Each structure stands twice: as structure tokens, then as C-alpha cells.
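Please read it alongside the sequence and coordinates shown below.

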Amino acid sequence: VEDPALWDDPAAAQRLMRDRQVLADKLGRVEAFERDLGDNVELIGMGEAEGDEGIVAEAEAALAALRDRAAQAEIEALLDGEADGNDTFLEISAGAGGTESCDWAAMLARMYVRWAEAHGYAVDLQSETAGEETGIKSASYKVTGPNAYGWLKTESG
């Protein structure tokens, strides 16, 4: 990154900076896990030494939350495919089935958009075709954020 020739090729520099940021985020997450684990274990020891069950219970609850965060990070670590870290496009089409199919497609679209937004992804509607009576015939979304493709690549049917 400190090489002045890096910026001679802006596209390569942007890729390198993005990769660097991904690695820095991963290292920061590991360091935070280690710090939180150590702090809470030490807090439990202090609480037990002083006989303060409230502190022990609070630290145990924090450890349970840390366990849940670690489980989520473990799943995210599986998203290491070549394209998994990229943004993605999500397309939903009603297919055959008339009004019910269009209504179902609209429900799926709402579900995916809410899921993406709840997980911190930006969702941009690219195109949408309304159904004849209700729902949608088709919709296309761009989902932007870390591992968007990795999370959504198996969604088909």
C-alpha cells in the first residue's frame, strides 16, 4: 500500500485496497473476540472471588452472546469462494400460475429485501413488472455488501 507506483493502475489499487480492508476487518473481528473472551473470563473470576453473583451472571450472558457471534463468524468463514465476497443480482419471476403465482413472487421479493436490509445489505430495485391483478410478474434487485453473493448463491427454485 505504501508503494507510490500502486496508484499507477487505479483499478488494481482499488482491488488491493478492498482486499486489504477485508483482511483488516477479519483481523479486527478476531482481536475483538479474544479481547471480549479474556475480559469476561477475568470478570467471572473477579465476581467469584468477591462472591458477586450479579457480575458472574452478567459475564456469563456476555459469553453466551460471544458464542453466538463466534458461530455466525464461523459460518461466514465458509464463504471463501472466489466470488462469494461480491455483490449480486437477485431476480424473482412468477412463472406459470396466474394471480397466485404473481402474489407469491411479491411475497418472496418482500422477504428477500427485508432479509438483506436486516443483514446490512443495500438493496436497489433494478426493474419490476407488475402482475395483471396483484403481485409482480418479475423483479430484479442489486444486493450490495460483503458476501452478498455467497449468502444468496444457493437461493433458486
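What is the order of the strands in the open sheet, and is the pairing parallel or antiparallel?

1. The open sheet has three strands in the order β1-β3-β2, and the pairing is antiparallel. β1 and β2 (122-130) are the edge strands with a single partner strand each, so one side of each has no neighbour in the sheet. From one strand to the next the twist averages 15°. Helices (H or I, at least four residues) and strands (E, at least two) are DSSP runs numbered from the N terminus, and two strands pair if DSSP finds at least two bridges between them.

2. The model is predicted: local features need pLDDT of at least 70 and side-chain atom pairs count only at pLDDT 80 or more, while totals for chains, interfaces and linings use all residues. Residues are numbered from 1 along each chain as its sequence is written, and side-chain values use heavy atoms, with hydrogens and water left out.

3. β2 pairs with β3 (residues 136-144) in the antiparallel sense over eight bridges. Leu125 has Tyr141 of β3 as its bridge partner, Val123 has Val143, and Thr129 stands opposite Ser138. Five residues lie between the strands of this hairpin, and Gly135 there takes a positive phi near 75°.

4. On the other pairing, β1 and β3 run antiparallel and are joined by six bridges. Thr88 stands opposite Val143 in β3.

5. Contact here means heavy atoms within 4.5 Å; axes are lines fitted to C-alpha atoms, for helices over the stretch in contact, and angles run from 0 to 180 degrees between N-to-C directions.

6. The largest pocket holds about 970 Å³ of space. Its lining has 28 residues, and Val22, Lys26, Gly85, Pro146 and Asn147 are the closest to its centre. A pocket is an open set of points on a 1 Å grid over the protein atoms alone where a 1.4 Å probe fits, with protein on both sides within 12 Å along at least five of seven lines; lining residues have an atom within 4 Å of a point. Grid points are joined across faces, edges and corners, and a volume is the space filled by probe spheres set on the points.

7. Which helix gives the most to the lining of the largest pocket? That helix is α1, with nine residues; α1 (10-50) and α2 (53-77) each supply at least two. By class, this lining has eleven nonpolar, eight polar and nine charged residues. Ala, Val, Leu, Ile, Met, Phe, Trp, Tyr, Cys and Pro count as nonpolar, Asp, Glu, Lys and Arg as charged, and the others, Gly among them, as polar.

8. The second largest pocket has a volume of about 320 Å³. Among its 18 lining residues, Glu91, Ile92, Glu155, Ser156 and Gly157 lie nearest its centre. β1 (88-93), α3 (98-118) and α4 (148-152) each supply at least two residues, and β1 gives the most, with six. This lining divides into ten nonpolar, five polar and three charged residues.

9. An unreviewed UniProt entry places the feature "domain: Peptide chain release factor" at residues 45-155. UniProt positions follow the numbering used here, feature names are shortened, and annotations may be inferred rather than shown by experiment. The span is 51% helix and 22% strand, and its end C-alpha atoms lie 46 Å apart.
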